Amino acid sequence: MVTWSSCLYIGEGIGKQKKRIKRRIQQGKPTPGIFLVAEPSNQENLFDILDTAGFLFPYCRRRSLTIYGLAKGRAEAEELVTRMLEEVYRETGEFKVREYFLRE
(Lines give C-alpha, C1' and ligand atoms only; values in the text may rest on other atoms or scores of the structure.)
Protein backbone atom coordinates (compact mmCIF):
# COMPACT_ATOMS: atom_id res chain seq x y z
CA MET A 1 0.00 0.00 0.00
CA VAL A 2 1.40 3.36 -1.04
CA THR A 3 0.90 6.44 1.13
CA TRP A 4 1.82 9.85 -0.25
CA SER A 5 3.39 12.43 2.04
CA SER A 6 1.38 15.62 2.39
CA CYS A 7 4.64 17.46 1.66
CA LEU A 8 5.60 15.61 -1.55
CA TYR A 9 8.85 16.77 -3.17
CA ILE A 10 8.74 16.83 -6.97
CA GLY A 11 11.76 16.77 -9.26
CA GLU A 12 11.96 19.19 -12.18
CA GLY A 13 11.68 16.35 -14.71
CA ILE A 14 8.25 15.38 -13.44
CA GLY A 15 6.66 18.72 -14.30
CA LYS A 16 2.92 18.66 -14.92
CA GLN A 17 2.79 14.85 -15.02
CA LYS A 18 2.58 14.54 -11.23
CA LYS A 19 -1.06 13.46 -11.01
CA ARG A 20 -0.76 11.02 -13.91
CA ILE A 21 2.38 9.42 -12.48
CA LYS A 22 0.87 9.10 -9.00
CA ARG A 23 -2.24 7.47 -10.45
CA ARG A 24 -0.20 4.99 -12.49
CA ILE A 25 1.88 4.04 -9.45
CA GLN A 26 -1.30 3.53 -7.38
CA GLN A 27 -2.71 1.31 -10.13
CA GLY A 28 0.49 -0.74 -10.42
CA LYS A 29 1.10 0.34 -14.02
CA PRO A 30 4.58 0.85 -15.52
CA THR A 31 6.15 4.29 -15.12
CA PRO A 32 9.53 3.94 -16.86
CA GLY A 33 12.32 6.18 -15.65
CA ILE A 34 10.48 7.33 -12.53
CA PHE A 35 12.13 6.98 -9.14
CA LEU A 36 10.59 7.33 -5.70
CA VAL A 37 12.13 8.75 -2.55
CA ALA A 38 10.56 6.68 0.19
CA GLU A 39 10.78 5.97 3.88
CA PRO A 40 13.81 3.77 4.58
CA SER A 41 13.44 0.01 4.70
CA ASN A 42 15.89 -0.19 7.62
CA GLN A 43 17.03 2.01 10.49
CA GLU A 44 20.49 2.61 9.00
CA ASN A 45 19.24 4.57 5.97
CA LEU A 46 17.81 8.08 5.78
CA PHE A 47 15.71 7.36 2.66
CA ASP A 48 15.29 4.66 0.03
CA ILE A 49 15.49 5.56 -3.65
CA LEU A 50 13.34 3.08 -5.56
CA ASP A 51 12.85 2.48 -9.26
CA THR A 52 9.12 2.20 -9.97
CA ALA A 53 9.81 -0.83 -12.17
CA GLY A 54 9.97 -2.82 -8.93
CA PHE A 55 6.31 -2.07 -8.26
CA LEU A 56 5.27 -4.37 -11.07
CA PHE A 57 5.93 -7.32 -8.75
CA PRO A 58 2.99 -8.21 -6.47
CA TYR A 59 5.10 -8.56 -3.31
CA CYS A 60 6.32 -4.96 -3.74
CA ARG A 61 2.80 -3.59 -4.07
CA ARG A 62 1.79 -5.25 -0.79
CA ARG A 63 4.58 -3.50 1.10
CA SER A 64 3.47 -0.50 3.13
CA LEU A 65 5.39 2.49 1.83
CA THR A 66 5.33 6.25 2.40
CA ILE A 67 6.53 8.27 -0.58
CA TYR A 68 8.25 11.60 0.06
CA GLY A 69 9.47 12.41 -3.45
CA LEU A 70 9.03 11.76 -7.18
CA ALA A 71 11.85 12.16 -9.67
CA LYS A 72 12.64 11.45 -13.30
CA GLY A 73 15.83 9.39 -13.20
CA ARG A 74 18.10 8.30 -10.39
CA ALA A 75 20.31 11.40 -10.58
CA GLU A 76 17.32 13.67 -10.08
CA ALA A 77 16.17 11.49 -7.16
CA GLU A 78 19.59 11.93 -5.54
CA GLU A 79 19.33 15.72 -6.02
CA LEU A 80 15.87 15.61 -4.45
CA VAL A 81 17.23 13.76 -1.41
CA THR A 82 19.97 16.38 -1.07
CA ARG A 83 17.35 19.14 -1.15
CA MET A 84 15.24 17.30 1.44
CA LEU A 85 18.21 16.79 3.79
CA GLU A 86 19.21 20.45 3.47
CA GLU A 87 15.69 21.46 4.45
CA VAL A 88 15.65 19.11 7.45
CA TYR A 89 18.97 20.50 8.66
CA ARG A 90 17.94 24.12 8.04
CA GLU A 91 14.68 23.66 9.97
CA THR A 92 15.97 21.54 12.88
CA GLY A 93 19.75 22.00 13.04
CA GLU A 94 20.09 18.19 12.96
CA PHE A 95 19.63 15.30 10.55
CA LYS A 96 16.68 13.75 12.37
CA VAL A 97 14.87 12.85 9.17
CA ARG A 98 12.34 10.43 10.64
CA GLU A 99 11.23 12.85 13.32
CA TYR A 100 10.99 15.69 10.79
CA PHE A 101 8.78 13.79 8.37
CA LEU A 102 6.71 12.04 11.03
CA ARG A 103 5.54 15.40 12.36
CA GLU A 104 3.38 15.93 9.27
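Student: Which residue in β4 stands opposite V2?

Tutor: L65 does. Keep in mind that this is a predicted model.

Student: OK. How many bridges join β1 to β4, and do they run parallel or antiparallel?

Tutor: There are five bridges. β1 covers residues 2–10 and runs parallel to β4.

Student: And β2? How does that strand pair with β4?

Tutor: In the antiparallel sense, over five bridges. β2 spans residues 34–38.

Student: Is β4 mostly covered or mostly open?

Tutor: Mostly covered. The strand takes in residues 65–72, and seven of its eight residues are buried.

Student: Let's zoom out. How many helices and strands does the protein chain have?

Tutor: Four helices and four strands. Along the sequence, the pattern reads β-α-β-β-α-β-α-α.

Student: Why call the chain as compact as a globular protein of its length?

Tutor: Its radius of gyration is 13 Å. The globule rule gives 13 Å for 104 residues, so the chain is as compact as a globular protein of that length.

Student: What size of box do the C-alpha atoms fill?

Tutor: Roughly 40 × 30 × 20 Å, taken along the principal axes.

Student: How much of the chain is buried?

Tutor: Buried residues make up 39% of the 104.

Student: And what's the accessible surface?

Tutor: About 6600 Å². Carbon and sulfur atoms account for 51% of that.

Student: What share of contacts comes from residues 24 or more positions apart?

Tutor: 63%, counting contacts with a separation of 6 or more.

Student: New topic: aromatics. How many pairs are there in the whole structure?

Tutor: Six. Take Y9 and F101. Their ring centres are 6.2 Å apart, with 70° between the planes, and the pair is edge-to-face.

Student: Where do those two sit in the chain?

Tutor: Y9 is in strand β1, and F101 is in helix α4, residues 97–102. They are 92 residues apart, so to speak from distant parts of the chain.

Student: Are they buried or exposed?

Tutor: Both Y9 and F101 are buried.

Student: Why does the pair Y89 and F95 count as stacked?

Tutor: The ring centres are 4.9 Å apart and the planes meet at 25°. Stacked needs planes under 30 degrees apart, so this pair is stacked.

Student: Why is Y89 called partly exposed?

Tutor: Because its relative accessibility is 43%.

Student: Which rings link into a cluster?

Tutor: Y9, F47, Y68, Y100 and F101, through ring pairs.

Student: Now the largest nonpolar core. Which members touch the most others?

Tutor: V37, F47, L80, M84, V97 and F101, out of 15 residues.

Student: Which elements supply that core?

Tutor: β2, β4, α3 and α4 each supply at least two residues. α3 gives the most, with six.

Student: What does V97 touch?

Tutor: L46, F47, L85 and V88, leaving out residues up to four places away in sequence.

Student: What about a second core: which residues does that include?

Tutor: It is separate and has 14 residues, including V2, I34, F55 and L70.

Notes
Residues numbered from 1 in each chain as written. Predicted model: local features only at pLDDT ≥ 70, side-chain atom pairs only at ≥ 80, totals over all residues. Heavy atoms only, no water. Buried < 20%, exposed > 50% of the residue type's maximum accessible area, 1.4 Å probe, protein only. Pairing = 2+ DSSP bridges. Phe/Tyr/Trp six-rings, centres within 6.5 Å; stacked < 30°, edge-to-face > 60°. Rg over C-alpha atoms; globule rule 2.2 N^0.38 Å. Contact = heavy atoms within 4.5 Å. Areas by Shrake-Rupley, 256 points an atom, 1.4 Å probe, with all protein chains shown as cover. Core = buried A, V, L, I, M, F, W, Y, C linked by side-chain atoms within 4.5 Å.
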